[in-house]
Amino acid sequence: RATQAAIVNSRFDAEAAAALRELRGLAQVTDEQLQAALARTHGWPAGLQLLLGHARQQASVPSLIGPAAHRHLFDYFAQEVLAELPAPMQDFVLHCAVLPELSPALCQALTGRDDAAAVLDGLYRRQLFLSALDESVPVLRFHDLFRDFLLRELEQRLPGFAIELHARAAAAEPNAARAVQHLLAGRR
């Protein structure tokens with residue numbers, strides 16, 4: 001389990017990403033495309049693997065980042081990650097996707113769950129594409145690609161509900177700048 005955590009939390013640098021490109025036989029992927037993929041995935045090895053797998057399927061590689069590449073990643077997230085969560089946890093992560101940072105208080109305000117801190121802890125232990133910003137509170141952040149997926153999934157499942165979630169977040173957000181961002185996103 002510790003080895004699995006080390007692999008999940010490891011990050012590729014440019015040299016490791018170039019070695020992966022060579023190993024996969026993807027000479028058509030330019031250094032610029034590889035750098036864009038590295039930046040978008042924050043060096044996440046599995047994300048790079050998925051994007052490079054998408055590149056292998058294409059006759060040409062106009063971009064490793066775009067709608068087709070996102071579809072490839074989002075399919076993975078939908079089938080392998082979100083679908084594996086119990087329905088109440090799926091609802092929790094979808095509702096909290098509007099938050100740039102996940103604190104127990106804000107997650108409780110969005111979900112109505114009194115056990116938001118315990119749910120966050122459980123999600124972090126599952127290594128669900130989260131980074132700890134402050135482990136003592138805890139304050140977490142979804143990986144950008146996973147958050148993009150969750151926001152899209154939220155809109156598909158509950159069209160327009162993100163507006164209500166932003167309004168709830170604005171009311172509970174102690175940081176004025178973030179509250180204003182939520183008010184704007186919530187069309188208030």
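**View 1. Ring pairs join F142, F146 and F149 into a cluster.** Rings of Phe, Tyr and Trp (its six-membered ring) pair if their centres lie within 6.5 Å; planes under 30 degrees apart count as stacked, over 60 as edge-to-face and the rest as tilted. The model is predicted: local features need pLDDT of at least 70, side-chain atom pairs count only at pLDDT 80 or more, and totals for chains, interfaces and linings use all residues. Residues are numbered from 1 along each chain as its sequence is written, and side-chain values use heavy atoms, with hydrogens and water left out. Searching the whole structure gives two aromatic pairs. One of them, F142 with F146, is edge-to-face, with 5.7 Å centre to centre and 65° between the planes. F142 and F146 are both buried. Buried means under 20% relative accessible area, exposed over 50%, and partly exposed in between (1.4 Å probe, protein chains only).

**View 2. The largest nonpolar core has 33 residues.** A nonpolar core is a set of buried Ala, Val, Leu, Ile, Met, Phe, Trp, Tyr and Cys residues joined through side-chain atoms within 4.5 Å. F92, V93, L99, L102, L123 and L150 touch the most other members. At least two residues of this core come from each of α6 (87–96), α7 (104–111), α8, β2 (139–142), α9 (144–157) and α10. Helices (H or I, at least four residues) and strands (E, at least two) are DSSP runs, numbered from the N terminus. Another core, of eight residues, lies apart from the largest one; among its members are A17, V29, A37 and L48. In soluble globular proteins, nonpolar side chains tend to be buried together.

**View 3. What does L150 touch?** Leaving out residues up to four places away in sequence, L150 touches L82, V93, L94, A97 and F142. Contact means heavy atoms within 4.5 Å.

**View 4. Helix α8 has a set of buried residues.** In α8, the residues A116, V119, L120, G122 and L123 are buried. Why do they lie on the same side of α8? They cover an arc of only 160° around the axis, so they share that side. The arc is that of the directions from the helix axis to the C-beta atoms. These buried residues of α8 pack against α6, α7, β1 (130–134) and β2. Just after α8 comes Q127, with a positive phi of about 60°.

View 5. A salt bridge is a side-chain nitrogen of Lys or Arg within 4 Å of a carboxyl oxygen of Asp or Glu. D121 is partly exposed at 37% relative accessible area, whereas R125 is exposed at 54%.

**View 6. R113 pairs with D115 in a salt bridge.** The closest N and O atoms are 2.8 Å apart. R113 is partly exposed, at 25% relative accessible area. D115 is partly exposed too, at 33%.

View 7. R168 is partly exposed at 28% relative accessibility, and E164 is partly exposed at 32%. Elsewhere, salt bridges that share partners join E101, R141 and R178 into one network. The count of salt bridges comes to seven.
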